[in-house]
Amino acid sequence: MAAADEGSDSLDDLSVTSSRMTTQPHPPPTAAWQQDGEAVSLELAGDWRREGPAVKVSGKPPDRLPARYGLAALGFYDSTLPAFLLVHFRSVSTFTKDKKELPPMEGLPDNLRGLLELALAVPEESDTALETDKESAIDKLGRVTLDLFGKVQAFLEFAGLTVLSLARFCTGRGRFRSADFWMILQQCGAEALPIVALISFLIGLILAFVGNVQLTHFGANLYVADLVGIAMVREMGVVMTAIIMSGRTGAAFAAHIGSMKANEEIDALRTFGFNPFDFLVLPRLLALVLMMPLLTIYADAIGILGGMLVGSFVGIPAELYWNETLASLDMTNSSLGVIKSVFFGATIAMSGCMMGMQAGKSSAAVGEATTQAVVASITAIVVLDSAFAAIFTLLEI
Amino acid sequence: MAAKITVRDLTMAYGDLVVMHDLNFEIEDKDIFVIMGSSGCGKSTLLRHLIGLQEPAKGSILYGEENFTATAPDERSAFMRRFGVMYQSGALWSSLTLGENISMPLEESGKMAAATVRDLVAYKLALVGLSGFEDFYPAQISGGMKKRAGIARAMALDPDILFLDEPGSGLDPLSSRRLDDLILGLRDSQGSTIVIVTHELASIFSIGTKALFLDSATKKQGAIGPPCELRDHSDNPAVRLFLNRGDTPATPPP
């Protein structure tokens, strides 16, 4: 204890020094190397402060440990001084080779010696440095390609597992908590109504405005009703709903499952014999597949209302607009969007859950998983929609 | 001279749920002050009060002569700069490497040269035995290493007072011992005061200079004093029971 008390003296001095320093300027920190016959000595002076000026080193740092220290002019010091000495010790080749012996520290204050001994107690691990990538362009291309294949493979595997899980559910062996299911159903159904309403109303409005400007040239602005109706039920209603849901619900799935994974909650499910797939993915998939068609029909109706509002502004009576809309839509047209919505719902739920399940175990990884889930599901929705467009064209519907 | 930290009539509560009544104790300079008690008795809550993350329901906390509780929360940065805190699970920022975790508080002032920051980071990591791990992410290292890296980060700004929340829990006896030695070494050479929340008996006896026992049954301060003395001579049976791991406690002197 005596040594400890003595050692901390200079740190007590620090506070005194620093209060005195408010009136006095700090002498800048200096380190001077002096050749002393065979040996080397190090002269330290000034105030070593984190916020102060950088250290002025005079003389060339030798490739050997200092044998003596001159501290006569040394003032205040914080961690910058031991950090400076440590860097020098480590730079000396003979010292790094022979790690066992501590460098001579005669003349240093006790607390500084204590800190340096502590810092040198565990040798620097030279092989811990992470491998820096030094790959060529071809290596990189190969790796990116393989990664891409890996991702496709992972998605297919996930899709396969989903089907198996569905099969277990249909035969009554897949288990999840029904409370979970109802909660998810509420989250991705009822709670999404306001945002879906707002967006699809505005989309209907925009379509009607744009259509009206063009169609008035031909004196055919009544056909705004046809345009809005067909566009909403075939494309815009379902695509906008899907995009809203991937930002809203797909991201929530990925973040929830991702943080469960980071917390080892998924491992906990597994050890209790629950299949995490049945338990987490299945209720989300079913809920979204059930809710997407309903949300789509809702979005279609609200979009048509939006168009009707614009119609009444440009002189189409609501009744006429309604009749025209009904005349333009048939069952085939109206069902296309709803059919697509089922597939979109499955895609959103699967990419959200997949990214969550594959997330790493840190909070940064959860954020990354969420981003990937949204990007993947929006991309998949647009690609799927183009595929549907091609198929419907071929089938002439 | 006033004690480093003085706690007066501190009552801690979450809403109407009172955690602890009327705590009164002092922490002297260079103490290794142990806050102990059974699980869930409010040890970490007390720590959160001491560092200003939670407001007392009643009472005050003084640092030296200055009243920390009476200072407005946005004027507390002068106090906060003197604290270094290690949280229970390390709480390292997961998107930053260990080196960046330590350099972020250092670079905050914007006055330090990049080379100085780098040297300081290397030195702080060396102190906790993690030399060469600058480029690792927290997810890539073990639990014990995370704790040590958490201590290195807590020490980044050469704090006057180091708060450690359960530094030894979840570590094997040898790592826990090494951590104790590290804490002792830091106290002796850095000259800081250290406040530890723990219920590891081995650590309490080997490094604690003064211990505070929070009694969850009475929701009051159970006892305070040097740990070995409390174990053998405390007049509170709950304290003796706790420090003897439930074995027949030594009878208090008449």
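Which residues does Val195(B) touch, not counting residues up to four places away in sequence? The views below explore this and other spots in a predicted model, where local features need pLDDT of at least 70, side-chain atom pairs count only at pLDDT 80 or more, and totals for chains, interfaces and linings use all residues. Residues are numbered from 1 along each chain as its sequence is written, while chains are lettered from A and ligands numbered from 1 in the order in which they are written.

**View 1. Meet the neighbours of Val195(B).** Val195(B) touches Ile27(B), Phe33(B), Ile35(B), Leu50(B), Ile161(B) and Phe163(B); touching means that C-beta atoms, placed from the backbone, lie within 7 Å.

**View 2. Here is the largest nonpolar core, with 87 residues.** Such a core is a set of buried Ala, Val, Leu, Ile, Met, Phe, Trp, Tyr and Cys residues joined through C-beta atoms within 7 Å; buried means that 20 or more other C-beta atoms lie within 10 Å of a residue's own. Among the residues with the most contacts inside it are Ala119(A), Ile35(B) and Val195(B).

**View 3. Four strands of chain B form an open sheet.** Strands are DSSP runs (E, at least two residues), numbered from the N terminus, and two of them pair if DSSP finds at least two bridges between them. The order is S2-S1-S4-S5, with antiparallel pairing. S2 (17-27) and S5 (66-67) of chain B each have a single partner strand, so one side of each is left without a neighbour in the sheet. Look for Tyr63(B), whose bridge partner in S5(B) is Glu66(B).

Notes. Buried ≥ 20, exposed ≤ 12 C-beta atoms within 10 Å, placed from the backbone. Contact = placed C-beta atoms within 7 Å.
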